[in-house]
Amino acid sequence: MPALSRFVNLFRRRSVDRELDDELAFHVEMLIEKYMKQGLTRHEAEQRARRHAGNTVIAKEDMREVHIMMWIDSLARDLVYGARMFLRQPGTTFLAVLTLSLGIGANTVIYSLLHAALLRPLPFPSPDRLVAVVDNFATQSQFDISPTVPETLDVRAASRTLDPVSFFDTRDVQINGGTEPVRAISARIDVDFLRTLGVQPALGRLFTARDGERVVILSDAIWRRNFGADPALIDRTIIVNAAPHTVIGVLPPGVNFDYFTPEPIELYVPYPTSAEYTSRSGSFSSVRRVLAIARLRDTATIEQADAELRTIGQRLKSDHPQLYRRGTDGQDLGFSMGAAPLRQLVLGRGARTAVLVLFAAVGLVLLIACANTAQFLMARAIERRPEVVIRSALGAGAGRLLRQFLTEAFLFAAVAAALGVLQASALVGVLRTLIASPSPLLGQLGLNVSVILFTVMVTVLVTLISGLFPAVHLVRQRAIGGDASRLTGTTRSRTRHAMIAAQVAASVVLLVAAVLVATGLRQLQDTPTGYEPEGVTMLRLRAAGRSDPRGTGAGYQQYLQVLSSVPGVSLASIGDGPLQGFAGTEFSIVGRANDTATLSLQRSGWLIVSPDYFKLLGIPLRAGRTFTDSDGMDAAQVIVINDVMARRYWPDQNPIGQQIRSGTGPRLRTATIIGVVGDVRPTHRLEVPPQIYTSYLQQSEPNATLLVKTAAGQEPPIDAIKHAIRTVVPEQAIFDIRPLSAVIAQSTNTPRLMTRLLGSFAILAIALAMLGVYTVVSYVTARRTKEVALRRAIGATPNDVLRLLGVPTLRWTAVGIAIGVLAAAWLMRLVPSVANSFGLPQESLRLDPPTIVAAMIVYAVIVGLAVLAPAARALRVQPGIILRAE
Amino acid sequence: MGDNKKDQLQGTLDLLVLRILSSAEAMHGFAIAERIEQVSKDVLRVEAGSLYPALHRMTEAGWVKSSWGVSENNRRARFYTITAIGRRRLADEEAHWSALTSAVGRVLKNA
């Protein structure tokens, strides 16, 4: 296509020149040959040929003019002409540009989210070569979970596709020796970990195999914050969890691997190499806490690595059959190993789905906006039919006209895109604050070069979609002299009406999605929780140093004792807030069947609490008793269960006094049920799972949550609480202090964000569709003014006129609504896979027929208004005036 | 674009080139120039400086199309052929031209 090649010519002057040179050189050669045949000498022939050929330079310039100047000239004229045409109707044009800019702006914002989440490479050298080694247990529906350390070491020894293979886990530690005692997130890393990522230290060195366990590498941030950015810190000693460690290195700024921790990792220590951790008989070796990462060798692909890991996994399974079967009954757990792109693990599957859903939603908005733009340009084009007829009579070819209309459409889209980018730059900031706890990936959210490139692509796409339509329509019409369809004009409105139906259908899909998510969120927020969060503050603790032989409970007991005398604190207890609701602990009932089928149905939540937990949260006691401090280490093992568990497993029996076995690993024990308490609904679910509570004095756990209740309307005395606790253990780090109500509110962040975004898109989509309907009916009405006048003159009633003008559009709108609802119903099959990524329970996302019908009625009323308003306007005109004007 | 006289001359050259191409297979620029001279018995001489811009302009307009090939003496040359649009254009121009010349002829004879 000449336009494109001419464009290329602009940038490839030299190659154009060469072609022209070649052609002229050929001409001169031929002349020389001719003259030599006529008997001239070579020299004479050359001279004469030059003269005869004329000035080659001028010829060349002339030709390049033809190539470039004509194009630029006509382009510039098209642009100026287009701008003038648009400015002739500034109001309508502005409205049309504004609507398109909203569509483009929304796309730019969501693309910047998609780019930050899914596309931007991880900040390490050759990030696409980084993979995660994962385990799958198919029969347990567990995929992409952490391998054990012995498994990872076996992979390192056997793999030919991966090198290096490494692993790490994180924990919080307490650091002394800097400007103040701090608690920080540390990573226990395998010796190859930082090398696998491709990280070099800014100061000092990385770990080697000869380092013991008492060495540490610091992040740039903590080195500056807590150690005054002192370069002499290398080889000095700091205290980590009460043990001296030698600082051997500091990482460069910005280097972090904090994708799996709520806070940045501040220091790195070597992963223990003792047999306890690394051999299969070691007591910690079956813990699945590490993340195993590896680099693909230069010659390997991720598919090869995945296949190799599968083979290695099969071998491990046959070497250690007992490890991959269930302990209770020997059931095969469907174990396999595999390789996953590191980014997949970093992002999590849920976020990916949510981002893609949002992207699809703004895509629909953009299509609706494109249809509006096409309608607008089409209306303009039809006004210009006389101009087109004249221009084609004057010799403008179809290609020339098509180009002119596309240029105008591009001008239109480019202005809208510029406006859209302005909106997006403001909205990205809003989105960043709406995403309350951004992952490090989303921290990079913003408008960058590739986002702008995307917007440019969108602009070109919009130009093609919305500009080609009216352009082709017009060019095809240019042969028709004058305005043949002045009186009726019905047939040609079919394309416009089909566009309306598509717009309506797309906006209905978005409306249904928004309503679905909003009602899901409402349902989640309206379902009773079973506890009172008011006045409760959560503080997190981590037992420092070596654990007490009596378990962690004894220490916490002392904390609770001192807190009881702090003024303003009415109650204090240990125990996680009522947030986790994952029924992940299998239990068996003593005296009942414990085969696979039974056990797979017997799962419950599992929580360590102190006696005042229930009273503090207002959870009612239904039967028996709750814990007291005499339910200690040496007393009989006791548990409290919730109502759901009591009713499900002892429907006709008193559960008090029954015994169950529960807990995993070292926590596995048999305990007697002493009480039944009210149900507490986990924040992310509508249904309450069975729940087991166990006494903080009978189970040991270094990480604890302290709940403190203050009288209504009073600020919690945080400083007094910290002070009281530090009278017991001076170096106790206390962190993550938040009101329970804020924690609960935060748990609905994702669904609220999704509701807001989808809701805004739906409103935008409906507004755009409305505008589309309004434009079309206005257009049809305007075209049929004379017909209407004629009909009224011969006795048509206003009703007849409204029916004549409005009914076709209403009919097409109804088709659009029907298609939209059907499409939405069909899309409902995606709910199981997207619900989780929206942070909503699957059961809350149901198409509720009355709600949908109500939404559609509201929608239809709005469309009705958009149809009737312009049609009614036609009635206000006196028929006589129009007919006389003809 | 440009003054009227130049346009008319260009129009004439276009007409000649299209006419030559309409009765031949692909031809390169030199052959077109030679052919015009030959048929006009050396009355009409075509300069490279006006022939090639004309050819390129007509390529842009879609009346002719070009491709690189090998000439009869084994050199690389650009060959031009007339397109369907070009043939229509030629018919228009020919009609226009004969109308014009006969009108001029009538004026000369009868005035």
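## Chain A at a glance

Among contacts in chain A between residues at least 6 apart in sequence, 82% join residues at least 24 apart; here two residues are in contact if their C-beta atoms, placed from the backbone, lie within 7 Å. This is a predicted model, in which local features need pLDDT of at least 70 and side-chain atom pairs count only at pLDDT 80 or more, while totals for chains, interfaces and linings use all residues. Residues are numbered from 1 along each chain as its sequence is written, and chains are lettered from A and ligands numbered from 1 in the order in which they are written.

The secondary structure of chain A comes to 28 helices and 23 strands. Helices (H or I, at least four residues) and strands (E, at least two) are DSSP runs, numbered from the N terminus. Of the 886 residues in this chain, 38% count as buried. A residue is buried if 20 or more other C-beta atoms lie within 10 Å of its own, exposed if 12 or fewer, and partly exposed in between, with C-beta atoms placed from the backbone.

In soluble globular proteins, nonpolar side chains tend to be buried together. A nonpolar core is taken here as a set of buried Ala, Val, Leu, Ile, Met, Phe, Trp, Tyr and Cys residues joined through C-beta atoms within 7 Å. The largest one has 107 residues, and those with the most contacts inside it are Val365(A), Leu510(A), Phe761(A) and Ala765(A). If you pick out Leu510(A) and set aside its neighbours within four places in sequence, you will find it in contact with Ala361(A), Leu364(A), Leu758(A), Phe761(A), Ala762(A) and Ala765(A). A second, separate core of 50 residues includes Val131(A), Ile222(A), Ile265(A) and Ala294(A).

Helix H6 of chain A spans residues 149-158, and its buried residues are Val149(A), Glu151(A), Thr152(A), Leu153(A), Asp154(A) and Val155(A). Their cover includes strands S1 (130-137), S3 (162-176) and S10 (291-296), along with helices H9 (275-278) and H10 (302-319), of chain A.

H6(A) and H10(A) pack at an angle of about 125°, with their axes 11 Å apart; axes are lines fitted to C-alpha atoms, for helices over the stretch in contact, and angles run from 0 to 180 degrees between N-to-C directions. That angle makes H6(A) oblique to H10(A), since angles under 35 degrees count as roughly parallel, over 145 as roughly antiparallel, 65 to 115 as roughly perpendicular and the rest as oblique. On the H6(A) side the contact is made by Glu151(A), Asp154(A), Val155(A) and Ala158(A), and on the H10(A) side by Leu309(A), Ile312(A) and Leu316(A).

## Buried strands of chain A

Strand S21 (residues 691-695) of chain A has 5 of its 5 residues buried, so it is largely enclosed by the rest of the structure. Both of its faces are covered, with Gln691(A), Tyr693(A) and Ser695(A) buried on one side and Ile692(A) and Thr694(A) on the other. S21(A) pairs in the parallel sense with strand S16 (residues 603-609) of chain A over 5 bridges, and Leu607(A) stands opposite Tyr693(A). Two strands pair if DSSP finds at least two bridges between them. S21(A) also pairs with strand S18 (residues 638-642) of chain A, this time in the antiparallel sense over 3 bridges; Ile641(A) has Ile692(A) as its bridge partner.

Strand S22 (residues 703-710) of chain A is mostly covered too, with 7 of its 8 residues buried. Strand S13 (residues 569-574) of chain A runs antiparallel to S22(A), and 5 bridges join them. Within this pairing, Leu706(A) is the bridge partner of Ile574(A).

## Chain B

Chain B has 4 helices and 3 strands, following the pattern α-β-α-α-β-β-α along the sequence. Of its 111 residues, 30% count as buried. The strands form an open sheet in the order S1-S3-S2, with antiparallel pairing. At its edges lie S1 (27-28) and S2 (64-70) of chain B, each pairing on one side only. S2(B) is joined to S3 (residues 76-82) of chain B by 7 bridges, and Val70(B) has Arg76(B) as its bridge partner.

In helix H2 (residues 29-39) of chain B, the buried residues include Phe30(B), Ile32(B) and Ile36(B). H2(B) packs against helix H3 (residues 48-61) of chain B at an angle of about 115°, with axes 11 Å apart. Gly29(B), Ile32(B) and Ala33(B) of H2(B) make the contact with Leu51(B), Tyr52(B) and Leu55(B) of H3(B). After H2(B) comes Lys41(B), whose phi is positive, near 55°.
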